[in-house]
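Okay, thanks everyone, I'll keep this short. Let's get the structure up on the screen and walk through it together.

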Amino acid sequence: MSALPPGSRAPSLVQAARYLRDPLGFLPRHQERYGDVFTVRFPFFGRIVYVSSPELVKAVFTGSPDVFHAGEANATVLEPALGPNSVLTLDGEPHLRQRKLLLPPFHGDRIRRYGELMLEVTRREMESWPVGEPFSLRPSTQRITLSVILRAVFGIHDEARVERAGELIDSFSDRVTTITRYPFLRRDLGPGSPWRRFLAARRRLDELVYEEIALRRAEAESGEGDDVLSLLLRARHDDGSPMSDAELRDELLTVIGAGHETTATALAWAMERLLRNPQVLARLRDSIAAGEDDYLEATAKETLRLRPVILDVARKLTAPATIGGYELPAGSFVVPAIAGLHYRDDLFPQAREFRPERFLGGKVDNYAWIPFGGGIRRCVGAAFAEFEMRTILREIVSRADLHAPDPAPEKVKIRNITMTPQHGTRIVLERPLAPIA
Ligand code: HEM
């Protein structure tokens, strides 16, 4: 078969508007209507072929990385922010080299060592929550995850510097949304234009990053420091060469960019769902009180299934490939439809319901549950993110009596490349926090 997979004939602008209006409904609707492989058209990005069954997702994730280029696909959106040396925007051998350097700090025992830090930062943030007044949780979880990543990655412990870095990163993130969504704005349209403001914010942040690199270089040579930056400074490529400052800058921004807003948003969604499913919340609270982690782990997984923070993981074909019987030309974007899979009732019975028990005790199918993507591009921080979610949720659920001022579910809003609750998960703390256990 050589025709393109089926899809809507609506103009690309209309398709994009539909996607933005209902990011979670869009792909499942296409999957139900057109099947496991379908075509969508968006302005600027052109034709995108989505796949929506575990078999096809497996074919994409395990396909040759030389043909299924994730870096090239990511670069169309992320390169202005992350640069050309980022593990997210590279392909082939250079990608694997960077990935190998980044993996160790985010695996195994090293992650657990961040547990104390995560708890300390969470406790401090929770102390600032007002009692009896509605507020948005997401900015709060974002302060926690940003503080954790800055301390874990840069090894910055000085409060004032953490705060300054936070401000620069916030202002940078705000400017990124516009230029990632509208590529035609990536040029100089004069003073005050989005591109100039983006460049100015990037320059300010880069100055701080290079300052930190210089500070840490001296310490790293003496073998001290177990933060990610110090580890990267000591790391060597296979040919014995160290990472250059430009490589380090891109990698640090990648880890910060990929690693804090995502987890903060996932936490906000977890509470958004928990407060609208009191029986799940009660069971979670009981299980935590009994010192068990299984239900907590399942709750984090179920949150990422029902509200996958990132909606698309793209690959760009460097050569023709056959997907689902369709022969796709080189240059095509092939994208596993995360929400399309996660909302399939045959894979996840009563898929629209929040039921953490579906993840209890069972093995997770890595081609059906894919909030972290897959294959050799699977999220480097997946274990770190799940551990952080568990640590922070445990503390919030066991110490805070919360309710949602508006019982209606929060709608979905796209921010940068993430899918966030429209009002950032509005909550009310009913009474002062319970003492620390
Ligand atoms: C809930 C939180 C998170 C979610 C939902 C998430 C999701 C993702 C997704 C979907 C990808 C693309 C995978 C693919 O193309 O197949 C990715 C890649 C990546 N993520 Fe995460 N992520 C999260 C947290 C983190 C954290 C905490 C870090 C770092 C500490 C991190 C670092 C990365 C990196 C470096 C990559 C690029 C991997 C590569 O291209 O080889 N992420 N993440």
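Predicted model: local features only at pLDDT ≥ 70, side-chain atom pairs only at ≥ 80, totals over all residues.

Is N74 buried or exposed? Its relative accessibility is 17%, and the cut-off for buried is under 20%, so N74 counts as buried. And who does N74 touch? Leaving out anything up to four places away in sequence, the list is E79, L88, A314 and R377.

Now compare that with T178, over in helix α9, residues 159–181. T178 has a relative accessible area of 29%, so this one is partly exposed.

Okay, zooming out. How many helices and strands does the protein have? We get 17 helices and 12 strands. The radius of gyration is 22 Å, close to the 22 Å that the globule rule gives for 437 residues, so the protein is as compact as a globular protein of that length. Along the principal axes, the C-alpha trace spans about 65 × 55 × 45 Å. Buried residues account for 56% of the 437. And if you take contacts between residues at least 6 apart in sequence, 72% of them join residues at least 24 apart.

Last stop, a helix pair. In general, you describe two packed helices by the angle between their axes and the distance between the axes. Here the pair is α8, residues 137–154, and α12, residues 245–259. Their angle is about 155°, and the axes are 10 Å apart. Anything over 145 degrees counts as roughly antiparallel, and that's therefore how α8 and α12 run relative to each other. As for handedness, α8 passes α12 in a right-handed crossing.

Which residues make the contact? From α8 you have L146, I149, L150, V153 and F154, and they meet L252, V255, I256 and G259 in α12. By type, that contact divides into 8 nonpolar residues, 1 polar and no charged.

That's my tour, happy to take questions.

How values were computed. Residues numbered from 1 in each chain as written. Heavy atoms only, no water. Axes fitted to C-alpha atoms, helices over the stretch in contact; angles between N-to-C directions. Helix = DSSP H or I, 4+ residues; strand = E, 2+ residues; numbered from the N terminus. Parallel < 35°, antiparallel > 145°, perpendicular 65-115°, else oblique. Left-handed = near helix turned anticlockwise from the far one by under 90°. Contact = heavy atoms within 4.5 Å. Nonpolar A, V, L, I, M, F, W, Y, C, P; charged D, E, K, R; others polar. Rg over C-alpha atoms; globule rule 2.2 N^0.38 Å. Buried < 20%, exposed > 50% of the residue type's maximum accessible area, 1.4 Å probe, protein only.
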